[in-house]
Amino acid sequence: MKKIYIRDVLSKVMVSAMGVFMAVSLASCGAAGSAGTANNDIIKAPGNSDKLQVVTTIFPEYDWTREIVGQGANSVDKSAADSVEISMLLDNGVDLHSYQPTAADITRISTCDIFIYVGGESDKWVDDALKEAINKDMKVIDLMDVLGESVKEEELVEGMQGEEEEDEDADSEHENEDADENHDHEEGDEDGHHHEEGEIEYDEHVWLSVKNAEKLCTAFEEALAEKDPENAAAYKANLDAYNDKLAALDSEYQTAADNAKVNTILFGDRFPFRYMVDDYNIDYYAAFVGCSAETEASFETVIFLSGKVDELGLPVICTIENSDQKIAETVKKNTESGNQDIISMNSLQAVTSKDIEEGVTYLSAMQENLNSLKKALGE
């Protein structure tokens, strides 16, 4: 997995954030004026807004919350829609694994009523951000914590190219660590997973399971009802309606798996869809794990994947969204027939505000993924 050293970055962000906090405080203590109004529009301290403030990190969290509060296309009770303000931090196409919080992001988190984040390795910055929270009554939802034991370790399957050893800076840092800290670092488990500070690396892409989505939406509804009991009935009605939609989509995925001509999909790319394929007992091969920072596949990896396409008679080679498809094209060129389709599946990690304005929803994106999966399975 890509190593993100956030400590130094976050310390700079905290200094900037504290400067913003002081500016807001001074503006609110002075006479009312245009400057003070502008600052308070940016940073809403607890109690300064009649609306419940919900901050989410990625698109699935944002869209699920919209549906539950009554702002979504599938909401059946919109009576509470104007009572909640929802924001999404990763709204400009930045990948979850590359994201670093800005001062504005930290201040938005600090004053919100509900904060929702994934909770994986890419979100290590959150712990420090929450220490700066102004609203001490904030409800925090960690998706991976909600799912508990159903969260999966990262998996290195046959033929998959593992991460290169840590970069020179990381090596230097480890060489300089005190011997007393050595017990905090595992060498790796039997499957070859590398550990940091004694922790197993887990697959973060929990939102790509429709079954997980139902559990997570239920947790969101409970948090909203706790913070806003007056609208609890509306939240529950919307949750029930939305979970019905998720259950129907889950059934469609299962039908597709049951009718598959081949039971394996192959990615000439990273593979963030493990939760999806495990739900329906579909096998897979890929160039890299879902959180990999690698972009160049080795000769051995390409030849292995090409051989699997031939061996299994796979009609499709898959990539994730925004891929340059170079690896997939190389795999295709090295197959016997070279006539496979190359199709994309959406990991929902880089959905932008523009995409949302154009009508993209979690359900619509996952329906498109289902259509692509059907092609990959030979339907």
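What is the volume of the largest cavity? The largest cavity has a volume of about 60 Å³. A cavity here is a set of points, on a 1 Å grid over the protein atoms alone, where a 1.4 Å probe fits but cannot get out, and its volume is the space filled by probe spheres set on the points.

The model is predicted, with local features needing pLDDT of at least 70 and side-chain atom pairs counting only at pLDDT 80 or more, while totals for chains, interfaces and linings use all residues. Residues are numbered from 1 along each chain as its sequence is written, and side-chain values use heavy atoms, without hydrogens and water.

The protein has 14 helices and eight strands, taken as DSSP runs (H or I, at least four residues, for helices; E, at least two, for strands) numbered from the N terminus. Of its 379 residues, 48% are buried, meaning under 20% relative accessible area with a 1.4 Å probe, protein chains only.

Strand β1 (residues 52-56) is mostly covered, with five of its five residues buried. In a regular strand, side chains alternate between the two faces of the sheet. In β1, Leu52, Val54 and Thr56 lie on one side and Gln53 and Val55 on the other, all of them buried. β1 pairs with strand β2 (residues 84-88) in the parallel sense over five bridges; pairing requires at least two DSSP bridges. Leu52 stands opposite Val84 in β2.

Back at the largest cavity, the lining residues (an atom within 4 Å of a point) include Glu154, Asp203, Arg274 and Phe288. Strand β6 (residues 283-289) gives the most to this lining, with three residues.

Key. Buried < 20%, exposed > 50% of the residue type's maximum accessible area, 1.4 Å probe, protein only. 1 Å grid on protein atoms, 1.4 Å probe; cavity = no way out; pocket = protein on both sides within 12 Å on 5 of 7 lines; lining within 4 Å.
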